[in-house]
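Welcome, and thanks for taking a look at this chain with us. Please keep the viewer open while you read.

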Amino acid sequence: MKIGIVGVAGRMGRMLVSEVLANPAAELAGGTELSGSENIGADLGQLIGAADTGLAVSDNVENVFNAADVIIDFTVPSATMSHIKTAAKFKTAMVIGTTGFQPEQLSELHRCGDNVIVHAANFSVGVNVLLGLTEQAAAILNQDYDIEIVEMHHRHKVDAPSGTALALGDAAAHGRIVVLDDVSTRVRDGITGPRPKGNIGFATLRGGGVAGDHTVMFASETERLELTHKAGDRSVFASGAVRAALWTGSQTPGYYSMRDVLGFT
Ligand code: NAD
C-alpha cells in the first residue's frame with residue numbers, strides 16, 4: 001500500500017513517517033505541508049533524522065493524493081475538510097485522526113461515501129477497548145452513578161475536551177441510550193449549583209508532554225469505578241493509523257471507525 005501523509009512535518013506527521021518506513025507492508029508515497037512552510041522541499045527522511053527517501057515535502061496536494069492508495073491526515077479540521085474533497089476526486093482512501101471538528105463538519109464526514117474513510121478520535125487499541133468497556137459499564141450502572149470524564153494532554157494541544165474524551169462521552173451516552181449533547185457539562189466555573197442527575201461531566205488538564213491520559217469515572221454515594229488509559233507516547237497512535245491505512249486496501253467505500261478496523265463493532 002502506498003501511503004501519503006498530509007501535515008507531514010507535524011508532531012504526528014513525523015511519527016507517521018517513521019511508522020510507514022518501518023512497516024514492510026507499507027510504502028511512502030509522499031507528504032504535504034502548508035504552502036509557505038519552511039519544510040517544503042525537505043526530504044521526508046530528513047524530518048525524522050533518517051536517510052533520504054527521495055521524496056520531498058510538497059504543497060501540491062493533488063500530486064500526493066494521486067500517487068497514494070491511502071492518505072493519513074492528522075492536521076486541523078479546516079484542512080481535513082478540504083482533503084476529503086480531493087480524496088473523493090482521486091478515489092483515494094483516507095485515515096483521519098484530526099480532532100476538534102464542529103458538529104456540521106462531523107456530519108459532512110459521516111456522509112462521505114465515495115471512498116473508504118476511517119475516522120477515529122484515537123487510534124490506540126487500548127482506547128478502543130476502553131470505548132467498549134465504557135459503553136458496557138454505562139449500560140449496567142444506573143443514574144445513581146455519576147459519569148465524569150477526565151483527560152490530560154501536553155501543553156501544545158489546541159482543542160478541549162479532547163476528541164477521545166468526547167468519544168468516551170458518546171460511548172457512555174450510547175450505553176445509557178441518551179444523546180451526549182443533551183446531558184453533557186463540558187466546563188464548570190463559579191456557582192454551578194448541584195450536579196444534575198444523569199449528566200456526563202468533562203474535566204480537562206493541560207501540561208508538559210503528556211501524550212494522552214483518559215479516565216472515565218462512575219461515582220455513586222458508596223463506590224467509585226474508574227477506567228483509565230494512559231498513552232506511553234504518540235507512536236501508539238501512529239502505528240494504529242498505519243494499521244488502519246493497510247486495512248483500507250481490502251474494504252468497499254464507506255465510513256468506518258477504528259473499532260471496525262480492530263473487528264470489535
Ligand atoms: P501539529 O500541530 O504538530 O501538526 C499538524 C500539522 O498539520 C502541522 O505541521 C501543520 O502545518 C499541518 N497542516 C495544517 N494545515 C495543513 C494543510 N492545509 N495542509 C498540510 N498540512 C497542514 O499537531 P499534532 O500534535 O500532530 O496533531 C494533529 C491532529 O491530530 C490534532 O487534531 C490532534 O488532536 C490529533 N491527534 C489525534 C490522535 C488520534 O489518535 N486520533 C492522536 C494524536 C493527535
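What follows is a walk from the whole chain down to a handful of residues.

**The chain as a whole**

Please bear in mind that this is a predicted model. Its secondary structure amounts to ten helices and twelve strands. The radius of gyration is 19 Å, close to the 18 Å that the globule rule gives for 265 residues, so the chain is as compact as a globular protein of that length. Along the principal axes, the C-alpha atoms fill a box of roughly 60 × 40 × 30 Å.

How much of the chain counts as buried? The share is 48% of the 265 residues. Among contacts with a separation of 6 or more, 67% come from residues 24 or more positions apart. The accessible surface is about 12600 Å², and carbon and sulfur atoms contribute 51% of that area. As for charge, there are 20 positive and 29 negative side chains, with the centres of the two sets 2 Å apart.

**Around Ser162 and Pro161**

The loop between strand 7 (146-153) and helix 7 (163-176) holds Pro161, and Ser162 has its place in that loop too. The peptide bond from Ala160 to Pro161 is cis, with omega near -10°, a point to check if you prepare the model for a calculation of your own.

Why does Ser162 count as buried? Its relative accessibility is 2%, and buried means under 20%. Leaving out residues up to four places away in sequence, Ser162 touches Glu151, His153, Lys157, Arg206 and His214. With one of these, His214, the side chain of Ser162 also makes a polar contact of 2.8 Å.

**Two threonines**

Thr75 sits in the loop between strand 4 (70-73) and helix 4 (77-90). Its relative accessible area is 26%, so Thr75 is partly exposed. Beyond the residues up to four places away in sequence, Thr75 touches Val6, Gly7, Thr80, His83 and Thr98. The side chains of Thr75 and Thr80 are joined by a polar contact of 3.3 Å. Met15 lies 60 residues from Thr75 along the chain, and their C-alpha atoms are separated by 13 Å.

Thr185, in turn, belongs to strand 8 (residues 184-185). Because its relative accessibility is 18%, Thr185 counts as buried. Its contacts, apart from neighbours within four places in sequence, are with Asn199, Ile200, Gly201 and Phe202.

Which backbone value do Lys91 and Ile177 share? Phi of Lys91 is near 55°, a positive value in a residue other than glycine, and phi of Ile177 is likewise near 55°. Lys91 is in the loop between helix 4 and strand 5 (93-96), while Ile177 is in the loop between helix 7 and helix 8 (180-183). Lys91 counts as exposed at 56% relative accessibility, and Ile177 counts as exposed at 77%.

| Residue | Relative accessibility | Class |
|---|---|---|
| Ser162 | 2% | buried |
| Thr185 | 18% | buried |
| Thr75 | 26% | partly exposed |
| Lys91 | 56% | exposed |
| Ile177 | 77% | exposed |

Definitions and conventions. Residues numbered from 1 in each chain as written. Predicted model: local features only at pLDDT ≥ 70, side-chain atom pairs only at ≥ 80, totals over all residues. Heavy atoms only, no water. Helix = DSSP H or I, 4+ residues; strand = E, 2+ residues; numbered from the N terminus. Buried < 20%, exposed > 50% of the residue type's maximum accessible area, 1.4 Å probe, protein only. Contact = heavy atoms within 4.5 Å. Rg over C-alpha atoms; globule rule 2.2 N^0.38 Å. Areas by Shrake-Rupley, 256 points an atom, 1.4 Å probe, with all protein chains shown as cover. Lys, Arg positive; Asp, Glu negative; His and termini not counted. Charge placed at Lys NZ, Arg CZ, Asp CG, Glu CD. Polar contact = N/O pair within 3.5 Å; in protein donor to acceptor, adjacent residues only side chain to side chain.
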